[in-house]
Amino acid sequence: MNDESLLSAYVDDELDATTRAEVEARVAESDELRVVLDDVRAMRSVVRGLPDVTAPAGFWERMLAADADEVVSLADERRRRRPRTRWSFAGAAAAAAIIGVAAIPQQEPVQPRLATLTQSHSDRASLDNDVVINLAGVVVSQDLAP
Amino acid sequence: MIGTRRARPALAVVIVATTVWLPAVHAGAGTPDRAERLLKRAREVSAEGSYAGIVEVTWRDDTGTTQSQRTIAQGVEGTFVIGMGVQSSHGVGDERFTKGEGDPTHAEAGSGAKKAPAPGAAWELEVVARRRVAYRPAVVIAARDDDGRTRAKFAVDRETGQLLRRAVLNRSGDVVRVVEFVAINTTDDDSPRPQTEVAVGVGGVGEAPVAIDDVPSRFTVREEMGGYRLLGRYQHPDGGIQHYYGDGLFTLSVFQSEGVVAWDALPDGDPASIEGLRSRVYSTASGTIVVWGQDGLVMTVIGDGPRDQVMAAVADVSGRADEGSWLDDAVDFVLGPFDWE
């Protein structure tokens, strides 16, 4: 993962304890990483504060089909524009959030319903595999319920 | 006389050939072809046969404790019920309904599903023994991986073709999960069909997941992972996506939904790390479950095969397949005197 992805995963609490500690140590030592971390948090905060908007039909497909040459490296941009950083980035972030909020999924905490997913998997497996062997496991208590 | 002299070498050839061929035919009892035929037949019997029995599920949980529970199974020509009351699975033809610890679930065969690979596609199969299982005469089939290690054993009823037992082994050869009949009666097809408590559209059974051909690219995962082959993709009523795989003997699903993992709301499980990504692993009666978050998606993999093979699939899904040795740390955990031949 690059630094931005790592910090994004850090903010989303997706890192294991070891990696999290490593990230915190690096952030403590690097002014640049602290700035990036602040930016990521600011972006998350702006996005979370906005209402849900449904993306227009085909939005994702159009975005993903865009010419790769048009993709801009945020890291390069950040370095290039460093002198005007905070306000310009905050403004850009807010504008991007307002214009493109529909394209950025809300990062809501989701609890995978393990018992239900296990049942769904076993139902499917029993359609082309042994019925008893595939379904007996889900009808005994497994302590997977929330 | 000349003819007689010429006949002698020919007779010798026949004798030698017979001497070599007959043992070969006998040895053929243990060949992959026979094992594969037995397993294919067992699937048909399971779906369409008539039986009633007690099934025991034994597995090693996340704490290393061996758990064992029994339930009942009854089937008559494609209509079956496994379990009882609030924890039961029901099948009628190509439909399945399950009521368990989770919400009621529903599945239909659908036309979009690809055919599962043959049992021997990814495994070396061999008939290795004869023994009695659930008081029935059975043959035992071993499934070996590419390294020649036995990773599963199947006991098939020699008379009815019913699969009586499946044992999954870890890389060290220890049995870690068994589903088996401990008693079974083969019933007549004229027997009363089991009373399925749930019928289509009633009894709290929701919509079945819908087969889909394509998913947005951020939900895309590989069509082949190790020996697993993608057999179908399904959109669930809650918006989640299921990628369903099979390798001929075992199955695996990758579930994806948008968001970040609410770790505090999950059962404890076995904390693990997939090259820096926080994850949690569960060893259950149904198989291995792995949960992690990645790129704004909550990922849940459920597989009934050997744990290390499920974890290898997780490595493929997460893109961490080539990055490290975490697999070795994650796969073989607590072992104990839990064995079956």
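How many bridges join β1(A) to strand β17 of chain B, and do these strands run parallel or antiparallel? In this predicted model, for which local features need pLDDT of at least 70 and side-chain atom pairs count only at pLDDT 80 or more, while totals for chains, interfaces and linings use all residues, two bridges join β1(A) to β17 (residues 260-261) of chain B, and the two strands run parallel. Residues are numbered from 1 along each chain as its sequence is written, and chains are lettered from A and ligands numbered from 1 in the order in which they are written. Helices (H or I, at least four residues) and strands (E, at least two) are DSSP runs numbered from the N terminus, and two strands are taken to pair if DSSP finds at least two bridges between them. Within this pairing, Val110(A) has Val261(B) of β17(B) as its bridge partner.

The model scores ipTM 0.85 and pTM 0.74. For chain B, the pLDDT (the predictor's confidence in each residue, from 0 to 100) averages 83, and 80% of the residues score at least 70. Two stretches of chain B have a pLDDT below 50: residues 13-29, with three contacts beyond near neighbours in sequence, and residues 333-337, with eight such contacts. Here and below, two residues are in contact if their C-beta atoms, placed from the backbone, lie within 7 Å. Where pLDDT is low, the predicted coordinates should not be read in detail.

Chain A contains eight helices and one strand, in the order α-α-α-α-α-α-β-α-α from the N terminus on. Of its 146 residues, 31% are buried, a residue being buried if 20 or more other C-beta atoms, placed from the backbone, lie within 10 Å of its own, exposed if 12 or fewer do, and partly exposed in between. Among the contacts in chain A with a separation of 6 or more, 66% are between residues 24 or more positions apart. The loop between α1 (3-11) and α2 of chain A holds Asp13(A), whose phi, near 60°, is positive although the residue is not glycine. Asp13(A) counts as partly exposed because it has 15 C-beta neighbours inside 10 Å.

The interface between the chains brings 51 residues of chain A into contact with 67 residues of chain B. On the side of chain A that touches chain B, two or more residues come from each of α2 (17-29), α4 (59-65), β1 (109-110), α7 (114-128) and α8 (131-135) of chain A, and the largest share, 15 residues, comes from α7(A). This side divides into 24 nonpolar, 16 polar and eleven charged residues, where Ala, Val, Leu, Ile, Met, Phe, Trp, Tyr, Cys and Pro count as nonpolar, Asp, Glu, Lys and Arg as charged, and the others, Gly among them, as polar.

Strands β3 (residues 79-84) and β4 (residues 87-92) of chain B pair in the antiparallel sense over six bridges, with Ser88(B) of β4(B) as the bridge partner of Gly83(B). Val81(B), in strand β3 of chain B, counts as buried because 24 C-beta neighbours lie inside 10 Å.

Chain B is divided into domain 1 (33-186) and domain 2 (210-331), with bounds from an automatic or database domain assignment. The C-alpha centres of these domains lie 22 Å apart, and 24 residues of domain 1 are in contact with 21 residues of domain 2. On the domain 1 side, β1 (51-60), β9 (150-157) and β10 (163-169) of chain B each give two or more residues, and the largest share, three residues, comes from β1(B).
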